[in-house]
Amino acid sequence: MDSAGQALAAQTPAVEGLTEAEEEELKAELAKVEEEIVTLRQVLAAKERHCAELKRKLGLSALEGLKQNLSKSWHDVQVSNAYKKTQETLSQAGQKTSAALSTMGSAISRKLGDMRNSATFKSFEDRVGTIKSKVVGDRENGSENLPSPTGSGAKPLPDHTPF
């Protein structure tokens with residue numbers, strides 16, 4: 001038994017109901033188990049060194065081991081019930097979202113078509129067409145005399161042209 005174990009045994013009173021012989025037997029068994037633990041730690045360290053040497057000789061690096069562990073972990077996640085349920089839920093949510101966006105897009109297209117056929121839009125479209133024909137028409141006819149903002153051109157601009 002090491003000195004710390006002996007000091008602890010000296011400070012701790014014997015458990016009631018144990019004879020002095022039983023106490024000595026338990027102390028001896030404790031010392032033996034502690035020695036076995038130390039031996040096993042030494043053997044484990046030697047085995048780990050040997051394993052690392054074998055991996056080095058085979059060209060297996062720590063990165064390769066990590067890669068294999070990650071691959072196995074990802075596979076384990078993919079086959080888990082939680083992953084499968086989450087995947088199904090997200091798939092259903094994606095389908096519902098896609099359907100909702102499609103419906104919304106159709107509704108917007110329909111509303112824009114209705115708006116384009118409205119009298120207000122047609123009036124606006126006609127006015128824009130008229131202004132365009134005045135500007136582009138003069139250029140197409142070879143006239144470079146565009147109305148100037150000061151009114152000194154051939155065609156004065158109307159004071160307040162409503163759109």
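E23 and K27 stand four residues apart in helix α2 (residues 20–58), so about one helical turn separates them, helices being DSSP runs of H or I with at least four residues, and strands runs of E with at least two, numbered from the N terminus. Their side chains meet in a salt bridge with an N to O distance of 3.2 Å, the term meaning a side-chain nitrogen of Lys or Arg within 4 Å of a carboxyl oxygen of Asp or Glu. E23 counts as buried at 17% relative accessibility, whereas K27 is partly exposed at 24%; buried means under 20% relative accessible area, exposed over 50%, and partly exposed in between, with a 1.4 Å probe and protein chains only.

The model that holds this pair is a predicted one, in which local features need pLDDT of at least 70 and side-chain atom pairs count only at pLDDT 80 or more, while totals for chains, interfaces and linings use all residues. Residues are numbered from 1 along each chain as its sequence is written, and side-chain values use heavy atoms, with hydrogens and water left out.

Taken as a whole, the protein chain has five helices and zero strands, which gives the pattern α-α-α-α-α when read along the sequence. Of its 163 residues, 4% count as buried. The accessible surface of the protein chain is about 14,300 Å², and 59% of this belongs to carbon and sulfur atoms; such areas come from the Shrake-Rupley method with a 1.4 Å probe, and for residues only the protein chains shown count as cover.

The structure holds three salt bridges, one of them being the E23 and K27 contact already described. Helix α2 also carries R56 and E53, which lie three residues apart, about one turn of the helix, and whose side chains form a salt bridge at 2.5 Å from N to O. Here R56 is exposed, with a relative accessible area of 55%, while E53 is partly exposed at 30%. In helix α3 (residues 62–78), K72 and D76 are four residues apart, again about one turn of the helix, and the closest N and O atoms of their salt bridge are 3.1 Å apart. D76 counts as partly exposed at 37% relative accessibility.

The aromatic side chains can be considered next. The structure holds one aromatic pair. W74 and Y83 form this pair in an edge-to-face arrangement, with 5.8 Å from centre to centre and 80 degrees between the planes; rings of Phe, Tyr and Trp (its six-membered ring) pair if their centres lie within 6.5 Å, and planes under 30 degrees apart count as stacked, over 60 as edge-to-face and the rest as tilted. Both partners are partly exposed, W74 with a relative accessible area of 46% and Y83 at 25%.

Helix α4 (residues 81–116) includes I108, and T86 lies in helix α4 too. A polar atom of the T86 side chain lies 2.8 Å from the backbone oxygen of A82, and T86 is partly exposed, with a relative accessible area of 45%.

Technical notes. A polar contact is a pair of N or O atoms within 3.5 Å; within protein, one must be able to donate a hydrogen and the other to accept it, and residues adjacent in sequence count only if both atoms are side-chain atoms.
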